[in-house]
Amino acid sequence: MELLDRYLESVRKHLPWQRQDDIVAELRANLESQLDEKEEALGRPLTQAEAEAWIKQLGAPIQVAAGYQPQQYLIGPHVFPTYRYVLKLACSWAMIIYSIVAVVQVFATQNPSGTTLLDALLHLPFVLMTTAAWVTLIFAAIEYAVAQGHLRLPALCAPSPGWTPGSLPPLGQDAVTGKKPRSFAQAVAEVVFGILFLGWLLLVPKHPWLLMGPGALYLNGSPFQLADIWVPIYWCLVALNILQLGWNAQNLARGRWQKPHPAFNLVFRAVGLVPVILLINTRDHATVLLKHPAIDQASYGAALGTINLYILRSFQVIVAIVVLQLAWDLGQLGRDAYRKRAAAMR
Amino acid sequence: MTIAENLFENLRLELRRGCLTLAVLAQLREERYGYTLRKALAYDGLVIDESTLYPLLRRLEAQGMLASEWREEEKRNKRFYRLTPDGEQIFAQLLGEWQAINASVTATLNSTTDAGSGTL
């Protein structure tokens with residue numbers, strides 16, 4: 001039957017080349033037996049329409065041939081859990097490292113602008129895609145090697161072969177966020193050290209050696225002095241520390257030290273940016289001045305410019321890091337809130 | 001196809017997959033070639049597509065459960081399959097497993113039905 005020959009020839013094209021003849025011969029024998037039986041029952045050969053209907057019912061050649069292909073995975077179900085874990089880890093680290101490098105590069109340029117920052121941000125997806133592609137490629141190679149029997153990796157085939165019930169983390173973590181609650185001792189220590197730190201901070205203006213050690217003597221004898229902008233910034237820092245101390249103390253007094261409101265830390269860190277931003281926006285970035293500009297400008301003018309530039313750059317890097325950290329923490333806070341809501345709905 | 005129909009179809013195929021292997025192994029305690037095997041299964045109520053059965057025979061042979069031989073019958077070369085000794089052993093174990101599962105499911109269904117009629 002010509003239609004059957006054409007059908008089998010089409011199936012052959014999609015079969016593994018090593019077994020094409022064998023499979024087609026077997027298919028032909030089975031289908032011809034079927035055809036003989038049909039024609040015997042009818043008492044005549046099949047008409048063209050009947051033959052077409054019969055062949056159609058056998059399935060498309062590519063589908064029939066697909067059944068004879070070995071099951072193939074780019075990354076199979078045994079390796080996949082490890083692949084997903086490594087992929088998440090690699091992408092997270094790639095993002096962190098790239099962000100730090102990008103921030104340093106942006107602020108290391110002479111005139112950092114919004115465009116430079118935007119360029120760095122737009123490049124991030126490519127970094128993540130490249131990382132993901134490399135991880136996928138490596139795991140696809142592992143999958144291939146395991147499938148071909150060239151590699152035996154029990155650790156990859158079973159993600160935790162050394163797992164024992166004893167290695168499970170202890171109870172006491174928040175069921176929703178998975179974070180360990182703060183202990184009473186930790187909360188008390190925070191208040192006590194907060195008081196000590198505040199006392200130390202209040203003593204610094206009168207006893208600068210508490211901050212700079214022997215460097216205080218050098219500053220007294222040097223031609224440089226701190227600009228007036230440091231005074232409001234200092235009081236800002238004092239106010240922030242009093243605020244944090246008050247918050248920690250009231251949490252302790254009200255018995256809420258185990259789960260202080262997570263938003264407070266974010267607010268506190270965001271407010272902590274205010275003095276740094278004030279410093280960055282100081283007029284002409286002059287955070288350090290000459291004590292006697294008329295006399296020392298010629299000798300120390302260049303050094304003063306360098307000191308002020310370095311101070312500016314270091315505070316710009318601090319702002320960038322804190323902003324990134326805030327964005328990360330905000331994301332975590334959103335995720336925890338979502339989990340809590342989902343848990344409440346269950 | 002609706003989501004429910006799709007879900008049912010997936011679960012049905014999953015349920016059938018293991019049973020088909022068992023039925024094929026059971027039939028091949030006697031030597032058969034592809035088409036007669038398919039007819040025997042259909043006669044017993046298990047209709048199976050050519051595109052499913054013939055590749056399944058190849059896989060079972062590659063796994064050492066079946067042995068095959070080309071032989072002429074009614075002026076046509078045909079590939080005959082039958083269980084190997086290893087296949088017979090695994091088939092006996094699978095059959096025991098299937099009978100245990102079947103008994104458990106039947107018992108569960110009966111107890112559920114009894115409990116249901118009790119409350120009514």
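Asp44(B) sits in the loop that links helix 2 and helix 3 of chain B. Is this residue, Asp44(B), buried or exposed? The model is predicted, and in it Asp44(B) has 11 other C-beta atoms within 10 Å; 12 or fewer counts as exposed, so Asp44(B) is exposed.

Chain B contains 4 helices and 3 strands, and their order along the sequence is α-β-α-α-β-β-α. Of the 120 residues in chain B, 17% are buried. Among the chain B contacts with a separation of 6 or more, 39% are between residues 24 or more positions apart.

Two of the strands form a hairpin. Strand 2 (residues 66–73) and strand 3 of chain B run antiparallel and are joined by 8 bridges. In this pairing, Leu66(B) stands opposite Leu83(B) of strand 3. The hairpin has 2 residues between its strands, and Glu74(B) adopts a positive phi near 50° there.

Next comes the meeting of the two chains. The contact draws 13 residues from chain B and 14 residues from chain A. On the chain B side, the elements that give two or more residues are helix 2 (34–43), helix 3 (50–62) and strand 3 (76–83). Helix 3 of chain B supplies the largest share, 6 residues. By residue class, the chain B side divides as follows.

| Class on the side of chain B that touches chain A | Number |
|---|---|
| Nonpolar | 3 residues |
| Polar | 4 residues |

Across in chain A, helix 2 (residues 20–42) has 23 residues. From first C-alpha to last, this helix reaches 32 Å, close to the 33 Å expected at 1.5 Å a residue. Which residues of helix 2 of chain A are buried? They are Ile23(A), Glu26(A), Leu27(A), Asn30(A), Leu31(A) and Ser33(A). An α-helix has 3.6 residues a turn, so residues three or four places apart point the same way. The cover over the buried residues of helix 2 of chain A includes helix 1 (2–13) of chain A, along with helix 2, helix 3 and strand 3 of chain B. Just after helix 2 of chain A, Gly43(A) takes a positive phi of about 80°.

Technical notes: Residues numbered from 1 in each chain as written. Chains lettered and ligands numbered in written order. Predicted model: local features only at pLDDT ≥ 70, side-chain atom pairs only at ≥ 80, totals over all residues. Contact = placed C-beta atoms within 7 Å. Nonpolar A, V, L, I, M, F, W, Y, C, P; charged D, E, K, R; others polar. Pairing = 2+ DSSP bridges. Buried ≥ 20, exposed ≤ 12 C-beta atoms within 10 Å, placed from the backbone. Expected span 1.5 Å × (residues − 1).
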